[in-house]
Amino acid sequence: MAERVLVVEDEKLIRWAVKERLSEDGLLVAEADSIASAFDRLAEETCDLILLDLRLPDGSGIDALERARRDYPDLSVIMMTAFGTVETAVSAMKLGAFDFLTKPVDLDELVAIVQRALETTRLRREVHRLRQEQFEIHGGYRMIGTSEPMRRVVEMIRKVSASQATTVLIEGESGTGKDLVAKAIHYGSPRRDHPFVNITCSALAENLLESELFGHERGAFTDAKTQKKGLLEIADGGTAFLDEIGEMGLTMQAKLLRFLEEKAFRHVGGTRDIRVDVRIVAATNAILEEAVRAGRFRADLFYRLKVIPIRLPALSERREDIPLLAQHFLDHYNREFRKKTLEIAPAALARLTEHDWPGNIRELRNLIERIMILENKPRIEVGDLPPGIGRPASLTTGEPGVVRDLPVGAMTLDEIERRAIEQALERTRANQVRAAKLLGISRDTLRYRMKKYGLFDAAQS
């Protein structure tokens, strides 16, 4: 479709000459002889560029420029005038004009500038489209699930996104979707038009992590051939997602804490403080309280990060959401693999719902992907599921209870409880959700009692 240019000029001869030349170049040209008629045209039809005279019968082109950039931010505006001064040109450029031309305008030069301005309009609209797409994917709180735990998570995302909070801590087992929550917070907030950057703290050595986050000066170390901006600088105005924050070294923790307290940092090898406005969203699948007690994580950084904590439930704590998630992944891989698997058979869905999913949502997604790669049928049946999908044998076959082989002699109730928890963790390979189910208690109660008996380190060893 041909792009449309609006020429706002009170001299009819100039409007005609510009229209004729731009039309030769394949552009559609609309005309207006005043500010009022220009905005009437803009309200009626989509335009891609405005050629705007500085002096118009009903006002200043500078005022019209300011209004156009406010009401139609995707549009590019080129100013034209026979009364140009350096001060006027500078003012127009500061307000967002693409260019400032002095009459009489060379029409061939005008065409070249118009084409560059239209390219800018196209880029702005593409950026807007991509940002809107990201908002619809991540920022509309489209966390899949209607269970009570997920409703609480979604409500927390809504509140945090709208707040001025600069630190958020997302806690949850591996595979629960902590990165999706971080994106939902970013794209649902006023920061959505600024960058979202992420880094996995365990993926880099401490010196490399510092360079990635804070940037470095040329010559700061052997391979530093040029100056490099860090992710915090790139994310100015937006969000930085620090995944696996519990794996960050103590020296780096101290530098991150300084940044959180002062909103300033220095490039590696630099001497100048750099100030940025960044929301830090940190995520961990570790129990940071235990890391603090063990001296692996700074207590002051922990409490600074945990101003607003969001805990993601394990998939086994929200079983009613499993059918929705399975169908979501089915639809996704139908599109990706161009298949037409319409549904999951009720018996197969029951097996999925009964399974404990130690790998959480990531495990479910990988399972559906595997089936969609290997099968090509309208419905997924029980026989398409790999072995072991369903309830653990201990819950369905009448297997003896958890507590067994107790020593002869007197034992306190605490000793019996500790032994029961140890055996449950042993039988479930330290899967806390399954262990809690075997014991008939909630996961939070299990975690509390594991702390009471000092069993966290034993479970992780």
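Analyst: What follows describes the sheet, then the helices across it, then the cysteines.

This is a predicted model, in which local features need pLDDT of at least 70, side-chain atom pairs count only at pLDDT 80 or more, and totals for chains, interfaces and linings use all residues. Residues are numbered from 1 along each chain as its sequence is written, and side-chain values use heavy atoms, with hydrogens and water left out.

The sheet is open and has 5 strands, in the order β2-β1-β3-β6-β7, with parallel pairing. Strands (E, at least two residues) and helices (H or I, at least four) are DSSP runs numbered from the N terminus; two strands pair if DSSP finds at least two bridges between them. At the edges are β2 (28-32) and β7 (99-102), each of which pairs on one side only. On average, neighbouring strands of this sheet are turned by 20° against each other, direction ignored. Such angles run from 0 to 180 degrees between N-to-C directions, with axes fitted to C-alpha atoms, for helices over the stretch in contact; contact means heavy atoms within 4.5 Å.

Within the sheet, β1 (residues 4-8) and β3 (residues 49-53) run parallel and are joined by 4 bridges. Val5 stands opposite Leu49 in β3.

Helix α1 (residues 12-24) lies across β1, β2 and β3, at about 165° to β2. Helix α3 (residues 61-71) lies across β3 and β6 (76-81), at about 175° to β6.

As for cysteines, Cys47 counts as buried because its relative accessibility is 4%, and Cys201 because its value is 2%. Buried means under 20% relative accessible area, exposed over 50%, and partly exposed in between (1.4 Å probe, protein chains only). A search of the whole structure finds 0 disulfides, a disulfide being a pair of cysteine sulfur atoms within 2.5 Å.
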